[in-house]
Amino acid sequence: MAERTVPHAYPMSAEYEFANPSKIYDQNFGEGISPGDILTPTLYHGYYIRPRVNKQLDRGVSEVTLNHHKFQVFLDVCHFTPNEITVRTVDNLLEVTAQHPQKADRHGFISREFTRTYILPLDADPLLVKATVTHDGILSIEAPRTGKEVKAKVIDVKITCQEEPARQGGSSEEKSQS
Amino acid sequence: MEGVLVIRHRVETPVRYQEYFAEQDFEACRLNHCLYALPGPATAVQTKNTETIKNTAEAEQKCPKKGKPKFQVLLDVVQFRPEDVIIQTFEGWLLIKAQHGPRMDEHGFITRSFTRQYKLPEGIETKDLTALFCHDGILVIEIKTVAEN
């Protein structure tokens with residue numbers, strides 16, 4: 001937990017760190033399991049679950065690192081070849097789409113598709129985003145940050161007061177009706 | 001399209017089996033998928049089912065090799081909900097389609113889908129298959145065991 005000694009831009013609380021982890025696991029999907037991969041059940045949050053052998057800690061990870069100079073994303077895309085992956089930015093969103101046609105793996109035939117959207121920091125230039133895929137199937141996306149604070153456009157909206165309708169006229173009408 | 005296979009929910013809540021786990025060897029519970037089935041629409045034969053679960057569990061323990069079905073598919077569907085998964089059979093193939101729309105997670109939004117295909121053994125149809133969605137994210141599809149009593 002060395003990361004915790006880094007000054008935090010947000011209130012340091014366990015809830016915050018659990019809700020916004022920089023690394024999330026278990027992002028590979030559609031995997032087949034053989035009975036031998038299933039391990040002895042363990043108690044987890046009051047339920048018995050069975051851990052799996054194929055759940056390696058360093059695979060299927062999505063990791064976001066953000067510092068003053070750059071925004072960087074690591075995403076495991078080991079099921080896809082580089083030309084099956086598209087990375088694009090839409091305003092301040094970074095979209096990673098990957099799709100592979102039906103292919104055989106050790107459990108049968110499978111086709112997969114996913115779209116993952118990250119949110120770029122406001123001072124990152126979408127034109128300078130760079131993406132590379134490593135030999136072991138980790139997609140790395142880097143966006144430099146200018147560090148300039150984006151000035152928020154502040155416009156005050158004038159509030160107009162509605163005049164209170166004349167009460168007496170209304171009440172007298174009601175009376176006359178009844 | 002020969003038909004759609006309905007996911008079977010056998011257990012009301014997984015917690016019900018807490019005691020069962022406590023008195024059992026964990027290793028013995030490893031492949032008894034019924035113990036992990038998600039709670040679902042209550043079936044009329046609920047009480048009967050709990051009986052059969054215990055019985056089959058014991059039976060499996062006694063003869064773990066004999067009770068083994070010849071066709072079984074285990075699939076990791078942790079990222080999907082039961083309603084995202086469609087299971088179909090088509091001309092001797094078993095199709096498992098799982099798809100979920102944009103969903104928010106810790107890093108933004110995510111959409112996933114996959115289709116998996118398995119060749120079914122000869123003469124196996126939709127009515128012979130049973131599917132179980134476990135709360136630890138394992139989807140089990142196997143051939144119904146004939147004559148449980």
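**Cores, strands and chain contacts**

Leu75(B) touches Gly32(A), Ile33(A), Ile96(B), Arg116(B) and Leu139(B), leaving aside residues up to four places away in sequence; contact here requires C-beta atoms, placed from the backbone, to lie within 7 Å. The structure is a predicted model, in which local features need pLDDT of at least 70 and side-chain atom pairs count only at pLDDT 80 or more, while totals for chains, interfaces and linings use all residues. Residues are numbered from 1 along each chain as its sequence is written, and chains are lettered from A and ligands numbered from 1 in the order in which they are written.

Leu75(B), together with Leu139(B), Val140(B) and Ile141(B), is among the residues with the most contacts inside the largest nonpolar core, which has 26 residues. Such a core is a set of buried Ala, Val, Leu, Ile, Met, Phe, Trp, Tyr and Cys residues joined through C-beta atoms within 7 Å. A residue is buried if 20 or more other C-beta atoms lie within 10 Å of its own, exposed if 12 or fewer, and partly exposed in between, with C-beta atoms placed from the backbone. In chain B, at least two residues of this core come from each of strand 3 (72-76), strand 5 (93-105), strand 7 (129-133) and strand 8 (138-143). Strand 8 of chain B gives the most, with four residues. A second, separate core has 16 residues, including Val64(A), Phe71(A), Ala98(A) and Ala124(A). In soluble globular proteins, nonpolar side chains tend to be buried together.

Chain B contains three helices and eight strands; helices (H or I, at least four residues) and strands (E, at least two) are DSSP runs numbered from the N terminus. Their order along the sequence of chain B is β-β-α-α-α-β-β-β-β-β-β. Chain B has 149 residues, of which 25% count as buried. Of the contacts in chain B between residues at least 6 apart in sequence, 66% join residues at least 24 apart.

Strand 8 of chain B has two pairings described here, where pairing means that DSSP finds at least two bridges between the strands. With strand 3 of chain B, strand 8 pairs in the antiparallel sense over five bridges, and Leu74(B) stands opposite Val140(B). With strand 7 of chain B, strand 8 is joined by five bridges, again antiparallel; there Val140(B) is the bridge partner of Leu132(B). Strands 7 and 8 of chain B form a hairpin with four residues between them, and Gly137(B) in the turn has a positive phi of about 85°.

In chain A, five strands form an open sheet in the order 1-5-6-11-10 with antiparallel pairing. Strand 1 (23-24) and strand 10 stand at its edges, each with a single partner strand, so one side of each has no neighbour in the sheet. Strand 1 of chain A is joined to strand 5 by two bridges, and Ile24(A) stands opposite Ser62(A).

Between the chains, 34 residues of chain A are in contact with 30 residues of chain B. On the side of chain A, two or more residues come from each of strand 2 (32-33), strand 4 (47-49), strand 5 (62-66) and strand 9 (108-119). Strand 9 of chain A gives the most to this side, with 12 residues. The residues of this side divide into 16 nonpolar, 11 polar and seven charged; Ala, Val, Leu, Ile, Met, Phe, Trp, Tyr, Cys and Pro count as nonpolar, Asp, Glu, Lys and Arg as charged, and the others, Gly among them, as polar. Strand 2 of chain A pairs with strand 3 of chain B in the antiparallel sense over two bridges, with Gly32(A) opposite Leu75(B).

Two loop residues were also examined. His107(A) lies in the loop between strand 8 (93-105) and strand 9 of chain A and is partly exposed, with 17 other C-beta atoms within 10 Å. An unreviewed UniProt entry places the feature "binding site" at His107(A); UniProt positions are given in the numbering used here, feature names are shortened, and annotations may be inferred rather than shown by experiment. Asp84(B) lies in the loop between strand 3 and strand 4 (85-90) of chain B and is partly exposed, with 16 other C-beta atoms within 10 Å. Asp84(B) touches Ala98(B), Gln99(B) and His100(B), not counting residues up to four places away in sequence.

Note on methods. Two residues are in contact if their C-beta atoms, placed from the backbone, lie within 7 Å.
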